[in-house]
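Trainee: Hi! I've got this one open on my screen. Where do I start?

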Amino acid sequence: MNALTLPKDIEHSDLEVYFHDSDLWCKVSNVPIDSTYFLCTLSDITKSKELEVDFEYNHRLLSDAELTMRFGSWTWDLSQGPEGSLNWTEGTYHLLGYNPKTFTSSVNYPFFLKHVHPDDLETLDANIKEAVRNRESFVEEYRVITATGEEKNVISRGQFIKDDLKNKLIYIGNIFDVTSLKVIQNELERRVEDLNKSNEDLEQFAYVASHDLQEPLRKIVSFGERLESRSRGALNEEQRLYLDRILNATRRMQEMISNLLEFSRVARTKDGFVPTDLNAILKSTISDLEITIQQKNALVMIGDLPEIESIPSQMSQLFMNLLSNALKFTKREVRPIIKIEAEFLKNNEVIKQGLVPDKSYVRLTVSDNGIGFENEQANRIFTLFQRLRGRSEFEGAGIGLSVCKKVVENHSGTIEARGVPDGGATFTIVLPICQS
């Protein structure tokens, strides 16, 4: 290489130079040979520059992600004992109220503990030291007091690794600010508690009100029937019509109150789960409906049903209301056909339906070839006292399917309805095999 004389200010220095034409980075080093000559060497540092740029890029991505998602990362060097140094990322500094660009103090475990809420300090310190002693991972939820005096709820996760290259014991982990989530969780828990209390009050009110209303209604019916019996022949046609309407309305009110009491009992009863053979329950239900089945000339087709943990009386109510519903809403001059089938859910179906993973479920299907309904009305039919058909067409108070929904909910299951006008209805019930 030719000998050159460089300006004094760049002699004996290394320079990094980018060559546009070849797209290369090179380090230019000069080493003096004597007072007149020097040796200049060029080293290709393109790869290292690319790694440096990638590192800066990833570092910026991590910093932005930590600020956005409110978390930080840390490493804890245990080679010098439990009080070894801690390395915090920018997110950790920000989370604890510091500016990482101006922070100059050393960071170690005792310094970190100064930020832990006094009420959580002893438990957190003991749990972390136990994990370090056993070389185990840990997950801890606690509160911190930041450098600015702000209280935050956080979750820390740590796991033990061994740095074979430097022969060090290291914990690496993250700290997450979950304060906003904690506020939302507390608010949800409060509202759920209020809602449960409100539901209990409503159920209690419905039960008491319904029970207390029965006696005056019984008296109205009783005296109305006496009046009807004793005044037979004395009333004109208009008066008889009025009396009939009074008695019919009162009897209908009695039926509604009786159904409301039944619904209240189902809503209030959530204990008594035992292994239950659904085949036996269904057989008993069909026996109770035998006369109606014969009158309708209905064909009831039953598959093999499993044994599940349930409240037997409520399972009887479920089948009774579903079968009664299918026998009621039939088409004229068409033989009613009712099918009851069962199949176990596959794991992917459990996940897809948002049910508890690693738990076994059975799908019960009750379908008929009756008058059906519009699918847009599917949710309405489970509403208390809701009717899709007029009372003049079909009897009933519109409470049977509400009872079915409450029974299924008591058993941690789901119920759905699908219908086709003049093409029948299908009710799909998903129940867990075990309640635990």
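Mentor: Start with the words for burial: buried means under 20% relative accessible area, exposed means over 50%, and partly exposed is in between, using a 1.4 Å probe and protein chains only. This is a predicted model, where local features need pLDDT of at least 70 and side-chain atom pairs count only at pLDDT 80 or more, while totals for chains, interfaces and linings use all residues. Residues are numbered from 1 along each chain as its sequence is written, and side-chain values use heavy atoms, leaving out hydrogens and water.

Trainee: Okay! What share of the residues in the chain is buried?

Mentor: Buried residues account for 36% of the 436 in the chain.

Trainee: And how many helices and strands are there?

Mentor: The chain has 11 helices and 15 strands. Those are DSSP runs numbered from the N terminus: H or I with at least four residues for helices, E with at least two for strands.

Trainee: What about the overall dimensions?

Mentor: The C-alpha trace spans about 145 × 55 × 45 Å along its principal axes. The chain has a radius of gyration of 39 Å, whereas a compact globule of 436 residues would be near 22 Å. That radius is taken over C-alpha atoms, and the globule rule is 2.2 Å times the number of residues to the power 0.38.

Trainee: How much of the contact count joins residues at least 24 apart?

Mentor: Of the contacts (heavy atoms within 4.5 Å) between residues at least 6 apart in sequence, 59% join residues at least 24 apart.

Trainee: New topic: where is Thr46, and is it buried or exposed?

Mentor: Thr46 sits in helix α1, which covers residues 46–69. With a relative accessible area of 12%, Thr46 is buried.

Trainee: Which residues does Thr46 touch?

Mentor: Leaving aside residues up to four places away in sequence, Thr46 touches Asp23, Leu24 and Trp25.

Trainee: Now salt bridges. How many does the whole structure have?

Mentor: A search finds 16. To count, a side-chain nitrogen of Lys or Arg must be within 4 Å of a carboxyl oxygen of Asp or Glu.

Trainee: Which residue does Glu187 pair with?

Mentor: One partner of Glu187 is Arg190, with the closest N and O atoms 2.6 Å apart. Both lie in helix α5 (residues 179–230), three residues apart, about one turn of the helix. Glu187 is partly exposed at 29%, and Arg190 is partly exposed too, at 41%.

Trainee: You said "one partner". What does Arg191 do with Glu187?

Mentor: The side chains of Arg191 and Glu187 also meet in a salt bridge, 2.8 Å from N to O. These two are four residues apart in helix α5, so about one helical turn separates them. Arg191 counts as exposed because its relative accessible area is 52%.

Trainee: Why does Arg363 count as buried?

Mentor: Because its relative accessibility is 12%. Glu349, at 23%, counts as partly exposed.
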